Amino acid sequence: MSDNLLTETGLDLGSLRQAIQEEYTAVAQEPGRGYHFHTGRPLARMLGYHDDWLEGLLEGSIASFSGTGNPFRTGQLQPGEQVVDVGCGAGIDSLIAAKMVGPDGQVIGVDMTPAMLQKARKSATEAGLGNVKFRKGLAESLPVPDRWADVVISNGVLNLVPDKLAALQEMARVLTPTGRLQIGDILVQQAVPEDAKQPIDLWTG
């Protein structure tokens, strides 16, 4: 998908992605700066993450956690499963998943923000988790083979994706026929007005 395309709302796709990247680069590099959304360990507790899930993970990566839900609330992952984390950010959900699936399982975290990927890789190395890898990519074109994943997780990312149908189709493509989605995200009760989709700063958070 070319970045010089327009979204269905008329926004320039490249500009939108750049704004989102800039916002989450800041979250990666300055997690304590203060944002219009919650972050870090306090957010994880608010969302029902167990403290033992975070044991052994770098505090710096935990500080950059900025999800909107808990993809493990519908059930913990099973040993040996293969997992894709779409929009993995600093890697907290990917690393939790890697611990759950154990050495016989595998996790691929995908994100478009280099600063987040750098933090995620560092945390995986420090935690000694060799069953998780992080790749640069977009939700609409995941760098993952067809029917590879038993589970696709995602946390607070689908709301940021301009082409949600394409992202969901990609999730379906990488899942096995019996695979499952475990997504935590923002839901609205009413359709978002078209004029509210125009300001880029409303997309970035």
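A salt bridge is taken here as a side-chain nitrogen of Lys or Arg lying within 4 Å of a carboxyl oxygen of Asp or Glu. The structure is a predicted model, in which local features need pLDDT of at least 70 and side-chain atom pairs count only at pLDDT 80 or more, whereas totals for chains, interfaces and linings use all residues. Residues are numbered from 1 along each chain as its sequence is written, and side-chain values use heavy atoms, with hydrogens and water left out.

A search of the whole structure finds seven salt bridges. Among them, Arg 173 and Asp 146 meet through their side chains at 2.6 Å, N to O; this pair links distant parts of the chain, with Arg 173 in helix H6 and Asp 146 in the loop between E3 and E4, 27 residues apart (helices, H or I with at least four residues, and strands, E with at least two, are DSSP runs numbered from the N terminus). Asp 146, Glu 170 and Arg 173 are linked in a network of such bridges. Arg 173 is partly exposed at 25% relative accessibility, while Asp 146 is exposed at 53%, where buried means under 20% relative accessible area, exposed over 50% and partly exposed in between (1.4 Å probe, protein chains only). A further salt bridge joins Arg 41 to Glu 59, with the closest N and O atoms 2.8 Å apart, and this pair likewise links distant parts of the chain, Arg 41 being in helix H2 and Glu 59 in helix H3 (residues 59-63), 18 residues apart.

Helix H6 (residues 164-174) has as its buried residues Ala 166, Ala 167, Glu 170, Met 171 and Val 174. These residues lie on the same side of H6, because they cover an arc of only 140° around the axis, the arc being that of the directions from the helix axis to the C-beta atoms. The face turned away from this buried side carries the exposed residues Leu 165 and Ala 172.

Leaving aside neighbours within four places in sequence, Phe 72 is in contact (heavy atoms within 4.5 Å) with residues including Tyr 49, Trp 53, Ile 96 and Ile 153.
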